[in-house]
Amino acid sequence: MARYSVLKGFYDVEQTIGSGGFAKVKLGTHCLTKEKVAIKIMEKSRLGDDLPRVKIELEALKNLPHQNICKLYQVIETESHYYLILEYCSGGELFDHIVERNRLEEKQARVFFRQIVSAVAFLHDKGYAHRDLKPENVLLDKEKNLKLIDFGLCAKPQPGLDSFLYTSCGSPTYAAPELILGQKYLGSEVDIWSLGILLYALLCGVLPFDDENIDSLYRKILSGRYEESSCLSLESKRLIRSMLQVDPKKRITIDDLLSHPWLMKGFKEPVTKLCLHKVHEKDPSCLSVMAEYYRVSVDVMWSKLNSWTYDYNTATYMLLLSKKQRGLPIKLYNFALRDKMESGFNKLESPLTKKYPLSVTYNKVNSPLMTRCTELKTTYLILNGRESTPDKVLNKELNIIQSLETKDPKSNIEQENSPCVRPTPMTRKPHKRLWSPGPDDTQSPVPSKLKPNSCSGDPQQGFNSSRALEEAVAGAGAETPRCSKVLGSLERRLTRVRHLLTPRRHRTPGAIPAPGATPAPTPGPALLSVKEVCNVSTTSNNNPDTVLGELRKALLKKGIDCKQKKGFRLRGKLHATSDHRRLSFELEVCLVTVPDSSAPPLVGIRRKRLKGDAWFYKRVVEEVLALAKT
Ligand SMILES: Nc1ncnc2c1ncn2[C@@H]1O[C@H](COP(=O)(O)OP(=O)(O)OP(=O)(O)O)[C@@H](O)[C@H]1O
């Protein structure tokens with residue numbers, strides 16, 4: 001089957017824009033609105049024990065519509081993959097902005113930090129803790145609005161956010177002391193600690209607690225002592241101190257942060273924790289554009305949309321709404337797709353279908369009707385999300401078609417209820433949620449053998465996500481705090497938590513190529529032309545080939561495995577025994593045009609972290625660029 005065929009006709013899939021330990025993220029265009037989207041693709045077979053992360057992330061994104069949280073538009077599940085269609089944040093990671101400027105001016109940092117605090121206050125208000133707040137998980141959109149991403153480690157304790165959690169998860173350098181110690185903790189309090197680290201990183205361009213050696217790093221965190229850099233104003237020192245309190249009870253609360261004097265400086269209003277752009281509200285103009293497009297009444301269209309099933313229609317509606325909010329004209333393109341989709345649900349209800357039962361219309365398995373059914377099924381799945389695995393649906397349909405062939409053509413009632421003659425998606429009930437962390441979710445999907453035991457299990461199982469799921473599903477109130485019973489000494493606890501916290505980015509260790517020179521293929525003709533300056537450094541050289549050669553030499557000198565990709569792109573990989581020190585990134589020679597200038601473009605180097613610790617990446621790339629004589 002062609003790659004991403006499930007998206008064909010609905011989204012145009014473009015280049016990879018990011019990847020993490022669990023997903024590849026591609027740029028895409030939503031065909032009906034022509035809006036750019038990010039497509040997060042996760043291969044089920046590679047998720048293994050981390051599969052629950054996806055479900056947690058989906059539920060959180062559906063329940064947390066906020067202007068500073070990346071919007072989810074559609075979820076497509078196939079037998080092998082999850083595809084999450086997300087709001088596209090073209091401005092890169094907040095981390096890249098820190099790297100670009102070394103550190104941010106207090107005024108700029110305040111604008112950014114207010115948005116992060118707003119998102120965190122909102123999610124806390126909804127009973128969630130993020131548990132992985134860091135500049136790599138904060139993206140920027142075109143208008144420089146911040147968007148929080150990566151909710152795979154979040155928790156929603158059932159009794160409420162004031163109940164304890166027990167799973168140690170997150171990124172080591174952002175982890176609060178109570179997490180390091182493997183103690184029970186409050187999700188809201190560990191998020192405040194991470195916010196303190198994040199603000200320090202924004203203002204100073206370095207981390208308050210950092211060390212090559214993970215044990216020393218944890219000792220530094222537990223001591224709570226960090227350098228108060230001279231670049232910090234007195235007010236910012238005070239604010240950071242109030243967040244980086246080793247004793248969680250002494251830490252500032254999110255509500256106090258909203259109106260903290262540092263955050264209020266230059267602003268009349270405290271930070272809001274409200275959602276300003278409602279996404280689930282009835283918007284008559286977007287609704288009528290969609291109703292007109294599908295040639296159905298506004299009421300029928302709304303009844304379909306109002307169930308918020310995160311199908312293609314949800315995506316179309318939310319994207320139209322987003323265009324409207326940005327003052328852009330709202331219209332739908334691509335009428336070929338309309339005809340395809342319309343036939344996907346409207347004709348099923350047409351009087352014609354009722355008058356001439358399906359079984360009369362065909363008599364061979366590979367008849368046009370069967371092709372039609374298959375087409376309808378594919379369209380149906382894409383429009384409505386997953387009901388069953390595609391193969392199962394297809395087989396069911398084939399069986400029904402085959403059995404119908406041998407039946408009396410008069411017996412149509414059965415066919416009306418067959419999967420081929422499904423109720424039109426316009427009137428179909430919402431699908432059962434994958435998992436809902438609501439109060440009536442008494443049936444935990446977690447097998448009993450996985451019941452909470454935050455301090456047992458193989459630490460090499462990465463982020464301990466099955467336990468994270470339990471916390472999120474069963475709620476902390478249902479858990480037994482066993483840490484102190486299972487682990488006798490602080491030392492042993494530290495070792496365990498170190499393993500739990502240390503991200504495992506490479507899930508399936510493939511054959512590691514021997515370090516050394518990789519023969520460079522001839523560069524492709526494409527030399528990327530960029531306008532933006534984020535992630536791009538200019539060079540004093542005007543020959544792209546020379547710059548490429550210098551970069552290659554510098555990478556090899558640093559012992560970094562280097563492969564040339566399409567065009568002038570080098571992929572560097574650092575293979576290390578420690579997960580903490582594994583890295584994958586790209587350096588691409590490009591042409592930088594200076595906006596509003598007639599000056600000829602400059603030769604630049606665009607950098608992109610693909611996998612690995614962001615601060616380690618920063619250090620390595622700085623060293624490579626310093627070595628390259630460009
Ligand atoms: N909505 C988006 N718009 C633009 N880029 C995105 C978007 N979502 C993700 N990315 C890019 O893809 C990268 C990986 O995404 P993400 O962090 O969600 O993947 P992950 O596998 O869950 O990561 P992790 O290993 O950190 O858990 C991000 O760091 C970012 O650069």
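These legends accompany close-up views of a predicted model. Residue numbers start from 1 along each chain as its sequence is written, and side-chain values use heavy atoms, with hydrogens and water left out. Because the model is predicted, local features need pLDDT of at least 70 and side-chain atom pairs count only at pLDDT 80 or more, while totals for chains, interfaces and linings use all residues.

View 1. Helices (H or I, at least four residues) and strands (E, at least two) are DSSP runs, numbered from the N terminus. Of the 630 residues, 55% are buried, meaning under 20% relative accessible area with a 1.4 Å probe, protein chains only. The accessible surface (Shrake-Rupley method, 1.4 Å probe) comes to about 28000 Å², and carbon and sulfur atoms hold 53% of it. Among contacts (heavy atoms within 4.5 Å) with a separation of 6 or more, 69% join residues 24 or more positions apart.

**View 2. The span 11-263, which UniProt gives as "domain: Protein kinase" in an unreviewed entry.** UniProt positions follow the numbering used here, feature names are shortened, and annotations may be inferred rather than shown by experiment. This span is 38% helix and 17% strand, and its end C-alpha atoms lie 40 Å apart.

**View 3. Helix α3, residues 94-101, and its cover.** Six of the eight residues of α3 are buried: L94, F95, D96, H97, I98 and V99. Their cover includes the helices α4 (106-125), α6 (187-204) and α24 (614-627), together with the strands β6 (138-140), β7 (146-148) and β13 (602-611). Just after α3, N102 has a positive phi of about 70 degrees. F95 also belongs to one aromatic cluster with F585, W615 and Y617.

**View 4. The stacked pair W193 and F209.** The structure holds 14 aromatic pairs, in which rings of Phe, Tyr and Trp (its six-membered ring) have centres within 6.5 Å. In W193 and F209 the centres are 5.7 Å apart, with 10 degrees between the planes; planes under 30 degrees apart count as stacked. W193 is in helix α6 and F209 in the loop between α6 and α7 (214-223), 16 residues apart. W193 has a relative accessible area of 0%, and F209 likewise has 0%.

**View 5. Charges over the rings of F267 and Y128.** A charge sits over a ring if NZ of Lys or CZ of Arg is within 6 Å of the ring centre and within 35 degrees of the ring normal. R114 lies over the face of F267, 3.8 Å from the ring centre. The charged end of K156 is over the ring of Y128, at 5.7 Å from its centre.

Note on methods
Buried means under 20% relative accessible area, exposed over 50%, partly exposed in between (1.4 Å probe, protein chains only). Rings of Phe, Tyr and Trp (its six-membered ring) pair if their centres lie within 6.5 Å; planes under 30 degrees apart count as stacked, over 60 as edge-to-face and the rest as tilted.
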